[in-house]
Amino acid sequence: VLVYPPSGTGAVNITRGDLKRLDNGQYLNDTLIEFGLKVWLHELQQVQPELAEQVHVFNSFFFKKLNGKKECVVLILLHNLS
């Protein structure tokens, strides 16, 4: 139904099933949350580009893969502390 951003890497594909998750009483899924974060980041780039350069949106599948590699998690935590 929708691909965002329409060009470039890291696009999010919104399906009809994802859209049904926007109905009352439904829970958001990972795809909708990632879409919302990417739209927010795009808007942030317009108003505060220097702050937006410090932000990166990862999807939940990336975290699951990263979480399986304990050394990488430690490196990211150490990087965030510095």
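A patch here is made of residues with over 30% relative accessible area and no salt bridge, where like charges are joined within 9 Å and nonpolar side chains (Val, Leu, Ile, Met, Phe, Trp, Tyr) within 5 Å; a salt bridge is a side-chain nitrogen of Lys or Arg within 4 Å of a carboxyl oxygen of Asp or Glu. Accessible areas come from the Shrake-Rupley method with a 1.4 Å probe, and for residues only the protein chains shown count as cover.

This is a predicted model, in which local features need pLDDT of at least 70 and side-chain atom pairs count only at pLDDT 80 or more, while totals for chains, interfaces and linings use all residues. Residues are numbered from 1 along each chain as its sequence is written, and side-chain values use heavy atoms, with hydrogens and water left out.

Select V1, L2, L19, L22, L28, I33, L37 and W40, which together form a nonpolar surface patch with about 750 Å² of accessible area. Helix 2, residues 30-47, contributes the most to this patch, with three residues; helices (H or I, at least four residues) are DSSP runs, numbered from the N terminus.

Next, select L28, in the loop between helix 1 (16-20) and helix 2. Is L28 buried or exposed? L28 counts as exposed because its relative accessible area is 53%, where exposed means over 50%, buried under 20%, and partly exposed in between (1.4 Å probe, protein chains only).

Now move to E34 in helix 2, which counts as buried because its relative accessibility is 13%. Leaving aside residues up to four places away in sequence, E34 touches V12 and N59, contact meaning heavy atoms within 4.5 Å.

Methods
Helix = DSSP H or I, 4+ residues; strand = E, 2+ residues; numbered from the N terminus.
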